[in-house]
Amino acid sequence: MIWILYSFIHSELLSASSFQDDLAQSIQLSSPTLSSPVILLDEHDHLFSEDYVEWRVPLPLQSIPLFVQELFIQSEDVEFYNHVGFNFSAIFRALFANASANSKDQGASTITQQLVRLRYLSTEKTYERKVIELVYAYEMEKQSTKEEILTNYLNEIYFSNQVYGIGAAATYYFGKPLDQLTEAELAFVSAIPNNPTIYNPLEHFEATKKRQELLIDVLVKKEKISEDHGKTLKAEPIVLHTKTKKQLYPAYSTYVLEELKKLIANKEGYTEKMSTAQNEQQKLIFENELQSKVNEIIAQGVTIHTALNPVKQQNDEKYINQLLSKTPDLQAASVVINNDTREILSLYGGKDYKKFDFHRAYQAVRQPGSALKPLLVYAPVFETTTLTPNNTINGGKLCIGNYCPKNYGGAVYGYVTIKQAFRLSHNTPAVRLLDTVGIDNAFAKLSQFQFSHITKEDRSYAAALGGLTNGVTVLEMADGYTSFINGMYKPAHAIRKVTDTSGTVLYEWNEEKTEVWSPKTVQTMRGLLADVVQNGTGKGITISSPYLGAKTGTTNDFHDYWIAGLSDAYTSAVWIGYDMPQNMKRIEAKKIHHAIFNKIMTDE
């Protein structure tokens with residue numbers, strides 16, 4: 001025995017000497033960045049979506065029952081409150097056992113060592129790594145209190161199935177908070193970390209149950225509980241209620257996570273940095289910095305409070321999915337905004353949308369056609385000139401340089417009133433009106449909104465008819481039309497606020513409404529939009545509302561159909577088309593976009 005022990009110590013000293021430089025340096029231990037869940041709440045603060053790779057529910061030590069603390073201390077490290085990070089007597093027992101068996105399997109790890117291994121070291125079983133582990137454990141004990149070490153240990157140990165920490169284990173395996181578990185259930189989940197593969201209760205329930213009973217026996221042996229109480233705990237039935245990740249309304253939650261990035265960019269100054277970047281390389285640097293910041297915030301675990309109306313979202317999705325199923329490959333997108341709050345209540349991103357798919361409500365950039373005329377042409381006309389809807393405008397042929405727009409179907413009109421031109425969406429009058437306002441003046445008005453794909457090349461007469469280099473999104477269109485509610489504008493958002501795990505508000509939008517149209521312009525535009533529904537291209541829109549106004553849009557070769565408009569309660573935009581644009585003339589008479597608009601503009 002003496003010879004075996006001497007041989008092992010000599011071997012350890014030789015191994016340790018190779019790490020002399022490393023061990024001579026002062027070890028600065030820092031808390032690792034752990035990935036916590038991102039929780040999304042609807043308008044009623046009910047959970048509807050959660051994102052996580054690792055399920056964690058960190059708890060302070062005072063929220064972890066003493067029964068659990070005793071289970072781990074008595075079974076893993078009975079001298080926890082007395083040692084300096086490692087236990088010499090346990091180490092020598094393990095050394096002797098390993099040397100005798102010519103093995104390295106026998107453990108002697110304290111709770112502190114286990115935490116060090118979790119945070120900083122690999123799991124390889126070598127004597128060299130064990131020496132470093134002891135040094136780290138000693139340093140951790142110097143830099144932390146016992147309570148801090150135990151808290152971190154209980155919150156970071158692995159409970160199988162990507163579950164980390166005793167608090168997360170309670171909610172994952174039993175569907176309730178840790179403080180609501182019975183002592184038998186506490187002992188059951190506490191059995192898992194000893195070997196998360198062997199004691200995975202979803203695959204090896206009986207093995208986990210046997211381990212639970214062993215832990216209870218340990219408490220009985222150490223006189224922490226009576227023998228009768230131990231028998232009662234072992235006899236209590238264990239029924240799992242395993243957590244399933246909640247992923248409702250993927251079209252809405254996908255957009256919320258995108259808006260979160262914009263919110264952080266806005267509040268952390270990256271929006272301004274990227275807009276004033278001197279070149280693409282510098283802009284890319286800022287974008288990478290922003291993404292790192294977003295990842296850092298998300299990893300901490302946040303709760304995102306949103307304006308989602310779950311009933312409306314569900315009903316809108318169901319209706320549009322059923323409607324589109326009758327026409328193979330046809331797609332659609334829609335956005336509904338609350339007029340009072342300017343919050344996004346529902347989003348439709350595409351047929352049978354799956355989370356993180358291509359989102360047609362905010363990612364699909366399409367030509368808007370005549371749906372853009374109210375924002376780029378008509379409202380600027382009434383805002384900057386003395387013209388009224390009753391003034392006349394030439395509806396005949398027009399060429400400006402090489403640009404010769406035509407009316408729908410090639411029709412040629414004489415002089416028509418501006419109201420008639422708007423009602424029936426004539427093209428040549430719209431171009432003439434844009435010329436009257438001035439292209440620069442018109443685009444200055446459009447720049448008040450969030451049209452992020454507009455380019456310098458778009459400043460042409462073709463824009464009067466929605467002919468743009470890239471186009472616009474459905475969300476951008478609905479957002480712009482909110483200016484016709486009362487002339488005041490504030491960007492529409494889905495996020496109300498973002499809080500951390502303790503409930504502290506990290507971010508929230510706080511833009512103030514600004515006046516973009518005068519009361520006179522608003523009154524005139526609302527009248528024209530209402531006339532479209534009653535007498536023009538908006539016939540077929542049958543929403544019950546004291547006020548209802550809308551504008552339709554059709555692009556070249558019938559590649560896109562649009563409706564954007566508002567009622568007393570909501571502002572909305574709808575697009576239908578194919579991902580790979582194709583002529584839709586054959587389905588024009590079905591007025592599918594009208595049907596979608598009718599549905600999403602109702603209360604539920």
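Me: Two strands count as paired if DSSP finds at least two bridges between them. What makes β6 and β7 a pair here?
Reply: This is a predicted model, where local features need pLDDT of at least 70, side-chain atom pairs count only at pLDDT 80 or more, and totals for chains, interfaces and linings use all residues. Residues are numbered from 1 along each chain as its sequence is written, and side-chain values use heavy atoms, leaving out hydrogens and water. Strand β6 (residues 331–338) and strand β7 (residues 344–348) share 4 bridges in the antiparallel sense, and at least two are needed, so they pair. Ser334 sits opposite Tyr348 in β7.

Me: And what about β6 and β16?
Reply: β6 and β16 (residues 570–577) pair antiparallel too, over 8 bridges, with Val336 opposite Ser572.

Me: Why is β6 called mostly covered?
Reply: Buried means under 20% relative accessible area (exposed is over 50%, partly exposed in between; 1.4 Å probe, protein chains only). In β6, 8 of its 8 residues are buried. Gln331, Ala333, Val335 and Ile337 point one way, Ala332, Ser334, Val336 and Asn338 the other.

Me: Then why are α16 and α21 oblique?
Reply: Helix α16 (residues 373–384) and helix α21 (residues 519–535) cross at roughly 130°, so they end up oblique to each other.

Methods:
Axes are lines fitted to C-alpha atoms, for helices over the stretch in contact, and angles run from 0 to 180 degrees between N-to-C directions. Helices (H or I, at least four residues) and strands (E, at least two) are DSSP runs, numbered from the N terminus. Angles under 35 degrees count as roughly parallel, over 145 as roughly antiparallel, 65 to 115 as roughly perpendicular and the rest as oblique.
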